[in-house]
Amino acid sequence: MLDWSQVDTVLLDMDGTLLDLSFDNYFWSTYVISAFARQNNLSLSTARAQLVPKFESIKGTLNWYCLDYWSERLDLDIAALKAEIQHQVAFRPSAVRFLQFLSEQPVEVYLATNAHPKTLEIKLLNANFHQYFNALVTSHELGAPKEQQEFWRALQQSLNFDPARTLFIDDSQVILEAAETFGIAHLFGIAQPDSQQPARNMLPYHALTSFDEIIPR
Ligand SMILES: [Mg+2]
């Protein structure tokens, strides 16, 4: 399915790819909404009706991923709220095995995440994956989210990778499309980014059910 002799750089997404997206989905769809309801004396359904359109309106922008933006906009300490449930951060099945496999290959491995640096820090404190990467890159450092070509141009300038010899794995279809537009040759999605939600396909991309599908025996 993947010819590893054609790959010398691996770019990996974090949430929904290495880590179970159920943490983030629970955090934004339940935990933040109940904290906002409590703080503003609202019912849960009123809080949800107020927040969901706010979330939807900036999806895919850098601010959507920015804890400081949401802390200010909602008047809640979002990083502190995340830290309260940090014990729920978990690897996806076979993610650690895949990272170990990569560490034995002649490839450079980079994390490429839209997560805010404070989110990355909380994840790293609860899922130890730092040692498997040549570097951890957040879109906040580069000034654009992975959805935008600006991110890919800045990433390539920083890492100097060859798109034709690069593998990128991400659970977002829109982001895979952006990577393909930039010229990344080897692309895979994730069938079940959130362990609490059903699997889906990501056509025309192949969604991995398990990383074992691309670990040669
Ligand atoms: Mg993701």
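In what sense do strand 1 and strand 4 pair, and over how many bridges? Strand 1 (residues 9-12) and strand 4 pair in the parallel sense over four bridges, where strands count as paired if DSSP finds at least two bridges between them. Helices (H or I, at least four residues) and strands (E, at least two) are DSSP runs, numbered from the N terminus. This is a predicted model, in which local features need pLDDT of at least 70 and side-chain atom pairs count only at pLDDT 80 or more, while totals for chains, interfaces and linings use all residues. Residues are numbered from 1 along each chain as its sequence is written.

The domain assignment divides the chain into domain 1 (4-21 + 90-214) and domain 2 (23-87); such bounds come from an automatic or database assignment. The centres of the two domains, taken over C-alpha atoms, are separated by 25 Å. Domain 1 puts 20 residues into the contact and domain 2 puts in 14 residues, two residues being in contact if their C-beta atoms, placed from the backbone, lie within 7 Å. On the side of domain 1 that touches domain 2, the elements giving two or more residues are helix 6 (117-126) and helix 7 (139-142). Helix 6 gives the most, with five residues. That side of domain 1 is made up of nine nonpolar, six polar and five charged residues. Here Ala, Val, Leu, Ile, Met, Phe, Trp, Tyr, Cys and Pro count as nonpolar, Asp, Glu, Lys and Arg as charged, and the others, Gly among them, as polar.

Val10 has Leu167 in strand 4 as its bridge partner. Strand 4 is joined to strand 5 by three bridges in the parallel sense, and Ile169 has Phe188 in strand 5 as its bridge partner. Three bridges also join strand 5 (residues 186-190) to strand 6, and Phe188 stands opposite His206 in strand 6.

Ile175, Leu176, Ala178 and Ala179 of helix 9 are buried. A residue is buried if 20 or more other C-beta atoms, placed from the backbone, lie within 10 Å of its own. These four residues cover an arc of only 160 degrees around the axis, which puts them on the same side of helix 9. The arc is that of the directions from the helix axis to the C-beta atoms. Their cover includes helix 8 (149-159), strand 4 and strand 5. In strand 4, Thr166 and Phe168 point one way and Leu167 and Ile169 the other way, and all are buried.

Helix 8 has Phe151, Trp152 and Leu155 as its buried residues. They fall within an arc of 95 degrees seen down the axis, so they line one face of helix 8. What covers them includes strand 2 (108-113), strand 3, helix 7 and helix 9. Just after helix 8, Asn160 takes a positive phi of about 60 degrees; just after helix 9, Gly183 takes one of about 115 degrees.

How values were computed
A residue is buried if 20 or more other C-beta atoms lie within 10 Å of its own, exposed if 12 or fewer, and partly exposed in between; C-beta atoms are placed from the backbone.
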